[in-house]
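Please look at the sequence and the structure before reading on.

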Amino acid sequence: VKEDSRVQLIMDTPPAATKMIQKLNDGQTVTLYDRGFRLGFMGSPALPGTTPGVPYLNNHLRFVIKFHRSDAYEGARIVGFEVEAYSVEHKYSGEWKEDPDQVTFLTVPITPDLPPQPLITKAEVGVPPTTHVVFTYETTWEPSEIKWASRWDLYLYMGDDQIHWFSILNSLAIVLLLTGIVAMIMMRTLRRDLNRYNAEDKEELAEESGWKLVHADVLRPPQNAALLCASIGTGIQLLGMTLISIACAMLGFLSPANRGGLLTATLLLYVLMGVPAGYVAANCYKAMSGEAWSSLTLMTALFYPGIAFACFLSLNFFIWAQGSSGAIPVGTLVALIAMWCCVSLPLVFVGSFLGYKAPLADPPVRTNDIPRQVPEQAWYMGLPFTMMIGGILPFGAVFIELFFIMTSVWQQRFYYVFGFLTLVLLILLITCAEISVVLCYFQLCNEDYGWWWRSLLNSGAAGLFLLWDS
């Protein structure tokens, strides 16, 4: 109760939901549904009949089951399942009996003036501990005009759309800012440098400055090239999975009536995206003159998924220890490992083989045998500062829509505005690409040609801001 836990019930696919009335800015009122109901509440001076700091249990439930009749089928179908939770300290005459029908309740029917049911685990000053709690419920059947095919519309209503459009406009403002910076670099600075470079005589080439000095080192393979290529391949795998999953959900192929359908589709797509992941990773590794493509393939298929699976398994052990029904059973874990090792790993090997055999484009410049010394960099060109700048801008472009996603995750609410989510995802991709281009150009202008890892980490730092916000 103190942690604001909620109880989830399901009846004929529709989940139990608490009805709420919300007033919009224009004065209109809309009906929203919050999934499940609160296990209880904490007493406060604003609640008459409660003691501040004492937890109270919702032990009486009023179910409102809505049904719809139609000539298309016989009988009726359930199209709504509302629940109203109350806390009532039940009183009854005589001794409690095993058969509730033989108990005469003094608190039925339920009225608002009845005292709530406290939940005290140990005796306090003037308040005895709770040793006996009676749970009751009542059911009301109501006819509804909602059709069977539209029964999920009430659950999926996300409230006022203006906040989502504000999120889109906020994201577009950041994208336009970065686009202007990139356009200025490409059309003015870079073009001017190229024209001046082409107009200079051979004798003046020794006076080169900026990014022109590192043109013979810019394609030099970085340190830990295999790990970098595996990271790129895993990113392609996640990106393909995300785009296809959101596209299917936006087109209505993943209905919320199919519980777990989105998660199942996501896992299946992640496994199938092993082919492009292996292809991109091997092709990048070949461009960096790498030869150990088999070890690269294993790293792509096992390294990052292994870290995620280890974290997932550790958390699952804690859930097991608490005896929670939310723990993943052993059979499901074995099935996940079988999909990972028997499907995903071979597909990554297939993509890696194709990527390593694919021809490479001719490099635009030749790489010197002796690497150039990188001059000392200013503090604002250090990796921590560039990661902060490269991460906060993409995060700022999506944090409003991210609030709704996190609300759905932590408060067990439905999130089904995949149209807005698709736009925000595209804006996020454009923002990450543009901020990487801008920071990479500034880095090369400072004669630092180690751009491979920096281009990945700068925009990838948005994930750290996402972890902090969640």
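**Surface patch and model**

At least two residues of the nonpolar patch come from each of α3 (225-250) and α9 (418-445); helices are DSSP runs of H or I with at least four residues, and strands are runs of E with at least two, numbered from the N terminus. The model is predicted, with local features needing pLDDT of at least 70 and side-chain atom pairs counting only at pLDDT 80 or more, while totals for chains, interfaces and linings use all residues. Residues are numbered from 1 along each chain as its sequence is written, and side-chain values use heavy atoms, leaving out hydrogens and water.

**Nonpolar patch**
- Leu239, Leu243, Ile244, Leu426 and Leu429 make a nonpolar surface patch of about 350 Å².
- α3 supplies the largest share of this patch, 3 residues.
- Leucine 429 lies in helix α9.

**Cavity**
- The lining of the largest cavity includes Tyr33, Lys66 and Phe81.
- β8 gives the most, with 4 residues.

**Confidence**
- The chain has a mean pLDDT (the predictor's confidence in each residue, from 0 to 100) of 82, and 88% of its residues reach 70 or more.
- Confidence is lowest in α1, at a mean of 71, and highest in helix α5 (residues 274-287), at 93.
- Where pLDDT is low, predicted coordinates should not be read in detail.

Terms used: On a 1 Å grid over the protein atoms alone, a cavity is a set of points where a 1.4 Å probe fits but cannot get out, and a pocket is an open set with protein on both sides within 12 Å along at least five of seven lines; lining residues have an atom within 4 Å of a point. Patches are made of residues with over 30% relative accessible area and no salt bridge: like charges are joined within 9 Å, nonpolar side chains (Val, Leu, Ile, Met, Phe, Trp, Tyr) within 5 Å. Accessible areas come from the Shrake-Rupley method with a 1.4 Å probe; for residues, only the protein chains shown count as cover. A salt bridge is a side-chain nitrogen of Lys or Arg within 4 Å of a carboxyl oxygen of Asp or Glu.
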